[in-house]
Amino acid sequence: LNPEQCKDNIESALTRIKSRMFHKTSGWSFHRSWSFWSFLCHLATFAICLDPTVLGCSKCTETLTRPTGQFASPCFPREYISDLSCQWTIRAPPGFIIQLTFHEFELEEAQRCLYDFVSINTGAELIEFCGVTAKGLTLNSTGNEMIVTFKTDFSIQKKGFRVTYLQVAVSLRNQMLVFSKASHSQAVAVSPSVTIPELQQFTVCLEVKAAKVKKEWTLFVYMDSSDKAQIKFEKDGKDIHLQVSDVVCDVGELWDEHFSDKVITDTWQGLCLAWDGMSGDIITQTQDKFQLNPCPASQNKVVAGSGTLSLAPKVTPASNTYRGELYNVRLWNFSMSSQALLDLTCDEKGNVVDWDNSFWDIPVDVLEPNSDLSCATASPTQMTIKPTYCSTPGSGCQGRAKGSVVGVGQNS
């Protein structure tokens, strides 16, 4: 039955019940022409048609995973019912936050939201709302999950609320790549929409960290359209190499002399490689040190364009595939000087490839948000709610912070 049919059946059943029953001093009795089974049939129809979903009072404990959506208090826009305990868990993939907006909001008003209230767990704090002033408010989660709870008491019902939610991609500057054995099912590479030009010079900069460092690894490789390596940065035993076109150059002197041959440690290290095709020289730079590495065989070489830059590529044997973290990988089509490398800031944009979502094709299981990264930025339009305790009637009882809730919805 649809809602209109149910409504008609309910009205018809009530009319017929009234007409076929009469009241005696001893109580209600059935008219003798009224069948007991007929009465039960009408009563069953009446009960079915009062199902909450027909009346607009849908279920209110759900897990929501769509990119966008909306939900409302039971029976909205009619008054919600008493003694409700509802919870909506909104969950996005790693690398996304939840943005929630209240379009309608009217709950019972009380000091400290003691009776009917909506609470929002953003991942950083738990905030309660009642009254009317949450209407138009937008909140962001700190991680990829937000929990909305709605509770009512036994008396005084209001219109309720209606909200929409949206999954918002976190800036890539707030995320690092974590390469583990499990996460190497898909390649991490520059987006196919990004065209890398032919290069006679280049500068590559990135940040790297690994808890356990292997003797052999490949941090990145640039392959031309025929899948031939044109640029590759790797360690082969004790030797550290940068391949340019078909030439392999030794660039390990900087780390041999100053860092005990350790390019990668268990703390974040920024490093840059700048190749000048006119001279064949390669400048390596990390921390406050730099080194000029002559590689005359690479002089006048040209790196073919229209290829693919991949990070932590799979290598043979698989045990030599890089396991660790990478961040802020950028590429320029010119060779920076040693001083320019020392002065380079984390937010200097690569003019060929930058650390931005639009440049990369990254599986979500490799991404991990981290607010402590060198170039991390604040989440967009993050709301800060000042606690209001409704000491004055009519204040709307907006935003009573319950305290910090650290770690909910975070990816670790």
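Rings of Phe, Tyr and Trp (for Trp, the six-membered ring) count as a pair if their centres lie within 6.5 Å; planes under 30 degrees apart are called stacked, over 60 edge-to-face, and the rest tilted. The model is predicted: local features need pLDDT of at least 70, side-chain atom pairs count only at pLDDT 80 or more, and totals for chains, interfaces and linings use all residues. Residues are numbered from 1 along each chain as its sequence is written, and side-chain values use heavy atoms, with hydrogens and water left out.

**Figure 1. The aromatic cluster that contains W88.** One cluster is formed by F71, Y80, W88, F102, F105, F129, F150 and F161. A search of the whole structure gives 16 aromatic pairs.

**Figure 2. The protein chain as a whole.** The chain has 4 helices and 26 strands (DSSP runs numbered from the N terminus: helices are H or I of at least four residues, strands are E of at least two). Of its 412 residues, 45% are buried (buried is under 20% relative accessible area, exposed over 50%, partly exposed in between, with a 1.4 Å probe and protein chains only). The chain exposes about 20,700 Å², of which carbon and sulfur atoms supply 52% (Shrake-Rupley method, 1.4 Å probe; for residues, only the protein chains shown count as cover). Among contacts between residues at least 6 apart in sequence, 73% join residues at least 24 apart (a contact is heavy atoms within 4.5 Å).

Figure 3. R330 is buried but has no salt bridge, and D354, the nearest side chain of opposite charge, is 5.2 Å away (Lys and Arg count as positive, Asp and Glu as negative; His and the chain ends are not counted). A salt bridge here is a side-chain nitrogen of Lys or Arg within 4 Å of a carboxyl oxygen of Asp or Glu. The side chain of R330 reaches the backbone oxygen of E348 at 2.7 Å, and a polar atom of that side chain lies 3.3 Å from the backbone oxygen of C346. These are polar contacts (N or O atoms within 3.5 Å; within protein, one must be able to donate a hydrogen and the other to accept it, and residues adjacent in sequence count only if both atoms are side-chain atoms). Beyond neighbours within four places in sequence, the residues in contact with R330 include T203, V204, C205, L344, V353 and W355.

**Figure 4. The salt bridge between E145 and R91.** The two side chains meet at 2.7 Å, N to O. The pair links distant parts of the chain, with E145 in strand β10 (residues 145-151) and R91 in strand β5 (residues 85-91), 54 residues apart. E145 is buried, at a relative accessible area of 14%, whereas R91 is partly exposed at 36%. The structure has 7 salt bridges by this rule.

**Figure 5. The salt bridge between D261 and K235.** Their side chains meet at 3.3 Å, N to O. D261 lies in the loop between α3 (253-258) and β19 (269-276) and K235 in strand β16 (residues 229-236), so the pair ties together parts that are 26 residues apart in sequence. Both D261 and K235 are buried.

**Figure 6. The salt bridge between K159 and E104.** The side chains meet at 3.8 Å, N to O. K159 is in the loop between β10 and β11 (160-169) and E104 in strand β6 (residues 96-106), so the pair ties together parts 55 residues apart in sequence. K159 is partly exposed at 30% relative accessibility, and E104 is partly exposed with a relative accessible area of 23%.
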